[in-house]
Amino acid sequence: MKISLLLFMIMCSWNVRAQKIDAGFLVKFKDEVTPYRITGVFVVPGEKIKIETLFEDKNASYILKTKDGNTEEVAKNVWSWTAPQLKGVYPITVKESNNLDSIVLNCIVMIPFSELKGESLNGYKIGTYPKSSNKLYNLPKGFIEVTKANEQTLVTPHYKLKDFLCKQAGGYPKYVVLKERGIIKLETVQSQLNAAGIRFDKFSFISGYRTPFYNKSIGNVKNSRHVFGDAYDIYIDANKNGRMDDLNGDGKEDKKDVLFVYNKINDLYKQPWYKPFIGGLGLYGPNSRRTGFIHLDSRGYRARWGQ
């Protein structure tokens, strides 16, 4: 079953239309498919990508609008877009010709990995990336430059660039690595938990992206998915007290609440449409220093720990 069909099944199974975070059609780019009204796309200067609509009404017509880069219409509802040479955020809007619905791709031109000199990029310490013959650990294509001016840029309806920044010390500009599959998975998991009756605006983060430098400083394994941009240590904190909420309703905020979320997410693996999001799921109970949390990644194979 192709990823496009799987994600079409996701769209049909979601009860999120009332939240107005998904459109009435899908957009495919690179190897990803999104139903979300806002989705980040990460490219290097001059990269060419194909953008197309999927599962739309056969009579529907769509248009692509952008002020930047080079766009070519290659077929009905199919376009080729070449990214600008300069780093930055370049929105692309794919919309129905009758203006009823649209999806914005926030295309971000990154700084190519080749511009990393030594262990730093523009004064920001990155460290040394581990090398591996396993394609799951390929070096990043580039780094997203995050500044005070662009840190509020949405990459999904609920999540901004700022949410994923490494927690190491240092001023702006900062740099982050993100994977489209990872951010779509994060939004998908939230949507599923919301639909199951767990209400919260967005996940709180213990950790998103980690530079290899910071990852080493906290004693984590060198091949942590965090350094490759598709792993998140997250918890649900709707009451904003810095701890995982009492989700199982027993009047306590403890490891049982983390297990409650863990089991809800793990149950998604029983659904055929969730196959593209296969990855790691870890459970960490609370201690005297921090709340309990869930580790979530999209490494491409099933991994479990902590339960």
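I started with the aromatic rings and found 17 aromatic pairs in the structure. For my count, rings of Phe, Tyr and Trp (its six-membered ring) pair if their centres lie within 6.5 Å; planes under 30 degrees apart are stacked, over 60 edge-to-face, and the rest tilted.

I then looked up Tyr 137 and Phe 228: their ring centres are 5.5 Å apart and their planes stand at 70°, so I noted the pair as edge-to-face. This pair links distant parts of the chain, 91 residues apart. I found Tyr 137 in the loop between β12 (124–125) and β13 (142–146), and Phe 228 in the loop between α3 (212–217) and β16 (231–235). Helices here are DSSP runs of H or I with at least four residues, strands are runs of E with at least two, and both are numbered from the N terminus.

A note to myself: this is a predicted model, where local features need pLDDT of at least 70 and side-chain atom pairs pLDDT 80 or more, while totals for chains, interfaces and linings use all residues. Residues are numbered from 1 along each chain as its sequence is written, and side-chain values use heavy atoms, without hydrogens and water.

Next, burial: Tyr 137 has a relative accessible area of 12% and Phe 228 one of 1%, so both are buried (under 20%; exposed is over 50%, partly exposed in between; 1.4 Å probe, protein chains only). I also saw that Tyr 137 and Phe 228 belong to one aromatic cluster with Phe 113, Tyr 129 and Phe 143.

Last, I checked charges over rings (NZ of Lys or CZ of Arg within 6 Å of the ring centre and within 35 degrees of the ring normal). Lys 174 lies over the face of Tyr 172, 5.1 Å from the ring centre. Arg 304 has its charged end over the ring of Tyr 269, at 4.1 Å from the centre.
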